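Please read the following account alongside the sequence and the 3D structure. It takes up charged pairs, then aromatic rings, then pockets.

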Amino acid sequence: MRKKWAGAMALLLAGSVITAGCGSDSKGKEGGKSDSLTLYYSHAADWSDPIVKEFQEKTGITVNLVGAGTGELIARIRAEKDNPLGDVLWGGFVDGYAVVDDLLEPYKSTELDKLIPEAKSPNNTWYGFNLEPMVIIYNPKLVKEEEAPKSWEDLTDPKWKGKIAHADPVKSGSSFTAVVNMILSKPDREQGMDLIKRFVDNLDGKLISSSSGTFKGVADGEYSVGVTYEQGALKYMESGADLEIVYPSDGNTLLTSGLGIVKNAKNMENAQKFVDFVLGKEVQSHIGDIYRRTVRTDLQEPKGMVPLSQLVKIDYDMEWAIANKEMITKKWKEFVVGQ
């Protein structure tokens, strides 16, 4: 499947998928039925566009792609709430979807009963597409395995001062998720915020603008260690980059990336088909080929990945994270300025 999706990229670049900067045309075939779908997505095109192409081939539905950061797309959906131009939002972590629950359309997917609890929302307004553990990475040319940080707490060791690659959580959704993960790794929130303060001190004023820069910075030797998400790290490692992964011993929230239908979407039926398709067994059984973990209960974990049973899991307090996002961001800025 990986070769099939990779091979599809040549066709995609030739224009087999329509990429647009505007909303979809709700006019369809005879009888007024739409044959199109506008997808707002923030995933990397190299693996997500082939999945979209597969969907087009199986359904005959033309997909108009609008790519941007998750935060930007959510802001766009909010601005367009009285006249939705997008049909589906795909990308970013589900905590961001929960914040805009009122802008998403409830839909009971045909795959609902086969999904893990972390991939379901209370009102069926969003779904998880894949499990996305946060990890610590290090450059084996600079750091010996026995000396690498084994926990979030270890990242506050003075020996790593100025040597940690970490994206700005104000700009990066995955970086913000990592910060919340660190906070929740402690017995109480006060201790968690203290960990963040000490972590920020150890960054020594160095922040990367995007999560992709974390992989590159560590692999290139600009930084010794970094904090990022599993999928990106595994992909970089397979390409031959100088990276190794550590799953923190003090826990992981194991959030899922998100998927949801825009409220009052013009192409509602097609949007529902897309949700069912990417959550379906065919797609989910092959996402391990693109370094991702399935959210289905009837599929095995991808070979080569550390089993979830071996990871230390932290219960993710989503309500707290949502209610305190502004506070966490404000504190982060204060810690950065106060170094």
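Begin in helix α2 (residues 45-59), where K53 and E57 lie four residues apart and are therefore separated by about one helical turn. This is a predicted model, and in it the side chains of K53 and E57 meet in a salt bridge, with 2.1 Å from N to O. The two partners differ in their surroundings, because the cut-offs for the classes are under 20% for buried and over 50% for exposed. K53 has 8% relative accessibility and so counts as buried, whereas E57, at 51%, counts as exposed.

A second salt bridge joins E132 and R292, whose closest N and O atoms are 3.1 Å apart. Here the pair links distant parts of the chain, 160 residues apart. E132 sits in the loop between β5 (127-131) and β6 (134-138), and R292 in the loop between α10 (281-284) and α11 (318-323). What is the relative accessible area of E132? The value is 5%, so E132 is buried. R292, at 4% relative accessibility, counts as buried too.

Helix α6 (residues 189-203) holds another pair, K197 and D201, four residues apart and about one turn of the helix from each other. Their salt bridge has its closest N and O atoms 3.6 Å apart. K197 counts as partly exposed at 38% relative accessibility, and D201 is partly exposed as well, with a relative accessible area of 26%. Salt bridges can also share partners, and in this way E111, K281, R296 and D298 are joined into one network. A search of the whole structure gives 18 salt bridges.

The aromatic rings come next. A pair of aromatic rings is described by two quantities, the distance of the centres and the angle of the planes. The whole structure contains nine aromatic pairs. One of these is the stacked pair of W47 and F129, with 6.0 Å from centre to centre and 10° between the planes. W47 belongs to helix α2 and F129 to strand β5, so this pair ties together parts that are 82 residues apart in sequence. Both W47 and F129 are buried.

F129 has a further aromatic partner in W90. The ring centres of W90 and F129 are 5.3 Å apart and their planes stand at 85°, so this pair is edge-to-face. The reasoning rests on the angle, because planes over 60 degrees apart count as edge-to-face and those under 30 as stacked. W90 lies in strand β4 (residues 88-93) and F129 in strand β5, so the contact ties together parts that are 39 residues apart in sequence. W90 is buried, as is F129.

The charged end of R189 sits over the ring of W320, at 4.8 Å from the ring centre. K325 lies over the face of F176, 5.2 Å from the centre of that ring.

How do the residues of the lining divide into nonpolar, polar and charged? There are 16 nonpolar, 19 polar and nine charged residues in the lining of the largest pocket.

The second largest pocket has a volume of about 390 Å³. Of its 21 lining residues, the closest to the centre are K120, P122, W126, Y316 and M318. Helices α4 (94-99) and α11 each supply at least two residues of this lining. The largest share comes from α11, with three residues. By class, the lining of the second largest pocket has eleven nonpolar, four polar and six charged residues.

Technical notes. Residues numbered from 1 in each chain as written. Predicted model: local features only at pLDDT ≥ 70, side-chain atom pairs only at ≥ 80, totals over all residues. Heavy atoms only, no water. Salt bridge = Lys/Arg side-chain N within 4 Å of Asp/Glu carboxyl O. Buried < 20%, exposed > 50% of the residue type's maximum accessible area, 1.4 Å probe, protein only. Nonpolar A, V, L, I, M, F, W, Y, C, P; charged D, E, K, R; others polar. 1 Å grid on protein atoms, 1.4 Å probe; cavity = no way out; pocket = protein on both sides within 12 Å on 5 of 7 lines; lining within 4 Å. Points joined across faces, edges and corners; volume = space filled by probe spheres on them. Phe/Tyr/Trp six-rings, centres within 6.5 Å; stacked < 30°, edge-to-face > 60°. Lys NZ or Arg CZ within 6 Å of the ring centre and 35° of its normal.
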